[in-house]
Amino acid sequence: MWRGERHVLRGLDLALHNGEALQVCGANGSGKTSLLRTLCGLVHPEEGRVLWNGADVRRDLLGFHASLAYIGHDSPLKGDLSARENLRYWAGIRRRFSGEELDSALAQVGSVEWRDRTVRTLSAGQRRRVALAGLRLLGAPLWILDEPTSNLDVDGQQMVATMIREHLQQGGLVVAAVHHELVLGTAHVRRLDLA
Amino acid sequence: MNTSVLKLHATTCCAPQASALRAAQLVLQRDLTLAYRRRGQIIQPLVFFVLITTLFPFAVSPELARLREIAPAALWIGALLASLLALEFLFRDDAQDGTLEQYVLSGQSLTWLLFAKTVTHWLLTGLPLTLVTPLAAFSLGVAYPAMPAIGAAVAIGTAALSLLGAISAGLTLGVRRGGVLLTLLTLPLSLPILIFGARAAELAIKGASVAAPLYLLGAFAVLGVTLAPLAAAAAVRISLE
């Protein structure tokens with residue numbers, strides 16, 4: 001894949017099965033975000049393929065998208081809506097859930113206190129927590145996360161590790177681009193270093 | 001070997017999807033809630049329209065017969081420019097905060113979600129313009145019997161403008177300060193709407209039948225409903241790459 005004058009993601013060949021996580025590491029500009037966006041099908045490589053359960057994702061992009069949850073650098077939240085409203089509209093487009101389920105997802109990431117505050121008034125770390133609650137609500141088997149611990153305190157970073165661990169135990173897959181490797185304490189974590 | 005192959009396998013399945021109708025309803029609700037909280041953004045094109053149309057009597061002449069002659073042009077140029085002013089906000093905020101990316105990845109049809117967004121945009125800009133049009137027309141000396149036909153033409157015309165504008169708004173997403181480019185792209189496409197809309201207003205003022213220009217405006221709106229969301233979705237996908 002070309003990014004301007006640079007040829008990134010050349011000759012990558014990797015497979016990931018349920019219960020496995022892949023941590024993508026590399027310096028700034030090494031192509032971590034490009035890899036994640038390619039995996040999501042947001043960017044199409046000039047050459048190469050992404051296969052989901054053996055089939056090229058481009059054959060059924062909608063079906064593939066229904067199976068993944070992606071959180072990019074920035075949390076996809078609206079400043080003028082509360083945390084609850086944001087999740088209701090963002091995750092609600094994907095699947096139906098009850099108000100209790102929504103509150104429970106917010107409680108699991110420690111966001112109950114500020115659930116009715118407009119996101120504009122929250123700190124970057126608090127916003128990240130709200131986005132992570134959305135990740136739980138989406139109910140997708142494949143999580144693609146770009147710097148999931150950015151802006152989070154130590155507690156928050158441990159919470160992300162726990163969330164990923166639980167997701168893997170339930171048979172999910174996780175691909176995460178990270179600057180600092182997450183300690184997941186499981187044998188099913190692989191690391192990919194991008195030059 | 002330069003070709004990359006990335007294989008992902010899962011035996012677990014995703015949670016049941018929300019229906020397309022439910023998804024569209026949430027897009028509509030969300031945009032209406034946001035608009036209510038950012039009222040200034042909605043009022044801006046409306047104030048612009050009212051200012052343009054009410055300034056004409058000062059610039060041309062307070063003579064009602066003269067004003068009635070220029071009323072179709074004044075009303076439609078005002079409506080067109082006000083619609084263009086509002087178009088800039090159609091996708092811009094959603095692109096900046098990652099909402100559009102989430103729409104693409106939602107597993108729902110992007111075409112359908114963007115159609116819902118465009119309908120909301122019309123509800124927030126075209127509909128208020130339609131409601132204010134009789135007031136503006138009155139200030140230009142237009143008689144009461146002509147108002148319903150002029151209002152209908154503005155309603156249909158602004159719907160077609162919102163749909164056409166969605167394509168341009170999608171195409172200019174990736175462009176910095178794309179407002180001018182957006183206007184340049186949309187203006188030539190919207191000329192037929194301006195021509196037929198102004199013609200409808202002119203015929204209505206004269207008391208003649210407005211069926212022909214209204215049908216033509218309707219045809220543009222139907223063409224917009226069928227093609228514009230598809231084109232806008234393609235444009236948004238390209239802009240997000």
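## Domains, core and confidence

In this predicted model, chain A is divided into domain 1, which takes in residues 1-67 and 141-195, and domain 2, which covers residues 78-139. The centres of domain 1 of chain A and domain 2 of chain A, taken over C-alpha atoms, are separated by 23 Å, and nine residues of domain 1 of chain A are in contact with seven residues of domain 2 of chain A. On the side of domain 1 of chain A that touches domain 2 of chain A, the largest share, four residues, is supplied by helix H6 (residues 154-169) of chain A. Sorted by class, that side of domain 1 of chain A holds five nonpolar residues, three polar residues and one charged residue.

Chain A as a whole contains six helices and ten strands. Its radius of gyration of 17 Å agrees with the value near 16 Å that a compact globule of 195 residues would have.

| Property of chain A | Value |
|---|---|
| Box filled by the C-alpha atoms, along the principal axes | roughly 45 × 35 × 35 Å |
| Share of the 195 residues that count as buried | 48% |
| Share joining residues at least 24 apart, among contacts between residues at least 6 apart in sequence | 72% |

The largest nonpolar core of the model has 130 residues, and those with the most contacts inside it include A:Ile144 from chain A as well as B:Ile150, B:Ala153, B:Ala160 and B:Leu217 from chain B. Helix H8 (residues 147-171) of chain B gives the most to this core, with 14 residues. Because domain 1 and domain 2 of chain A both give residues to this core, it lies between them.

B:Ala200 is another of the residues with the most contacts inside the core. When its neighbours within four places in sequence are left aside, B:Ala200 is in contact with B:Ala149, B:Ala153, B:Val210, B:Pro213, B:Leu214 and B:Leu217.

As for confidence, the model scores ipTM 0.91 and pTM 0.91, while chain B averages a pLDDT of 91, with 95% of the residues scoring at least 70. Within chain B, confidence is highest in helix H6 (residues 110-124) of chain B, at a mean of 96, and lowest in strand E1 (residues 5-8) of chain B, at a mean of 73. Where pLDDT is low, predicted coordinates should not be read in detail.

How values were computed. Residues numbered from 1 in each chain as written. Chains lettered and ligands numbered in written order. Predicted model: local features only at pLDDT ≥ 70, side-chain atom pairs only at ≥ 80, totals over all residues. Helix = DSSP H or I, 4+ residues; strand = E, 2+ residues; numbered from the N terminus. Rg over C-alpha atoms; globule rule 2.2 N^0.38 Å. Buried ≥ 20, exposed ≤ 12 C-beta atoms within 10 Å, placed from the backbone. Contact = placed C-beta atoms within 7 Å. Domains from an automatic or database assignment. Nonpolar A, V, L, I, M, F, W, Y, C, P; charged D, E, K, R; others polar. pLDDT = per-residue confidence, 0-100. Core = buried A, V, L, I, M, F, W, Y, C linked by C-beta atoms within 7 Å.
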